[in-house]
Amino acid sequence: AVLGASLLWFGWFGFNAGSALAANGLAATAFVVTHVATAAAGLSWAVMDLVFNKRSTVLGVITGAVAGLVAITPASGFVTPMASILIGIGAGAICYISVSFCKAKLGYDDSLDAFGVHGIGGIWGAVATGLFATKLVNPGGADGLFYGNPGQLMIQIKAILITMAYS
């Protein structure tokens, strides 16, 4: 499991940084925020596990890391490294709650936690893009709520709702 997650993490660099379609500053930023958010999410999941279960597990850390990879993907070309820490922490915590509490309460079948990690992590990442995006990272993008543009957050939320309805 750890080897698989490690390969996934490594490959995700090509996915997010490669989306810049050039070896430039934007690709470097996407690479850095991918790494930072993923590490923060793994750590966040471990802390949640420690708080609620009195121990952390390796499987939990790698599950949190995957949640971080998913969450940072929509934001990777638009946010700063500091914002990626918050996105990662949020991904680890929100996905942990989804997997550990919401799944049991709602009683849905998700043996691999695909929805709790990928679905919820993707939703958080899309919302976080609307919060933390900045033209300082990508002049061709848009600023998010914390950079004075609440409209971008609304665009992200509409896109999430349309995707949910379509799905």
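Biologist: In which helix is Leu43 found?

Modeller: Leu43 is found in helix H2. Please note that the model is a predicted one.

Biologist: Why does Leu43 count as exposed?

Modeller: A residue is called exposed when its relative accessible area is over 50%. Leu43 has 57% relative accessibility, and therefore counts as exposed.

Biologist: What makes Leu43 part of a patch on the surface?

Modeller: Nonpolar side chains are joined into a patch within 5 Å, provided that each residue has over 30% relative accessible area and no salt bridge. Leu43, Val47, Val51, Phe52, Ile97 and Phe101 form such a nonpolar patch, and together they have about 550 Å² of accessible area. H2 and H4 each supply at least two of the residues, and H2 gives the most, with four.

Biologist: How do you know that the span of helix H3 agrees with its number of residues?

Modeller: The expected span is 1.5 Å times one less than the number of residues. H3 covers residues 58-72, so its 15 residues should span 21 Å; the C-alpha atoms at its ends are 21 Å apart, which agrees.

Biologist: Why is H3 described as largely enclosed by the rest of the structure?

Modeller: Buried means under 20% relative accessible area. In H3, 12 of the 15 residues are buried, so the helix is largely enclosed. Among them are Gly60, Ile62, Leu69 and Ile72. The cover over the buried residues of H3 includes helices H1, H2, H4 and H5.

Biologist: What makes a set of residues a nonpolar core, and which residues have the most contacts inside the largest one?

Modeller: The members must be buried nonpolar residues joined through side-chain atoms within 4.5 Å. The largest such core has 28 residues, and those with the most contacts inside it are Ile72, Val79, Ile87, Ala91, Trp124 and Phe132. Two or more residues come from each of H2, H3, H4 and H5, and the largest share, seven residues, comes from H4. Setting aside residues up to four places away in sequence, Trp124 touches Ala71, Leu86, Ile87, Gly90, Ala91, Ile94 and Leu131.

Biologist: Is Thr134 buried or exposed, and how do you know?

Modeller: The relative accessible area of Thr134 is 1%, and the limit for buried is under 20%, so Thr134 is buried. Thr134 lies in the loop between H5 and helix H6. Leaving aside neighbours within four places in sequence, Thr134 is in contact with Phe78, Thr80, Ala142, Asp143 and Tyr147.

Definitions and conventions: Residues are numbered from 1 along each chain as its sequence is written. This is a predicted model: local features need pLDDT of at least 70, side-chain atom pairs count only at pLDDT 80 or more; totals for chains, interfaces and linings use all residues. Side-chain values use heavy atoms; hydrogens and water are left out. Buried means under 20% relative accessible area, exposed over 50%, partly exposed in between (1.4 Å probe, protein chains only). Contact means heavy atoms within 4.5 Å. Patches are made of residues with over 30% relative accessible area and no salt bridge: like charges are joined within 9 Å, nonpolar side chains (Val, Leu, Ile, Met, Phe, Trp, Tyr) within 5 Å. Accessible areas come from the Shrake-Rupley method with a 1.4 Å probe; for residues, only the protein chains shown count as cover. A salt bridge is a side-chain nitrogen of Lys or Arg within 4 Å of a carboxyl oxygen of Asp or Glu.
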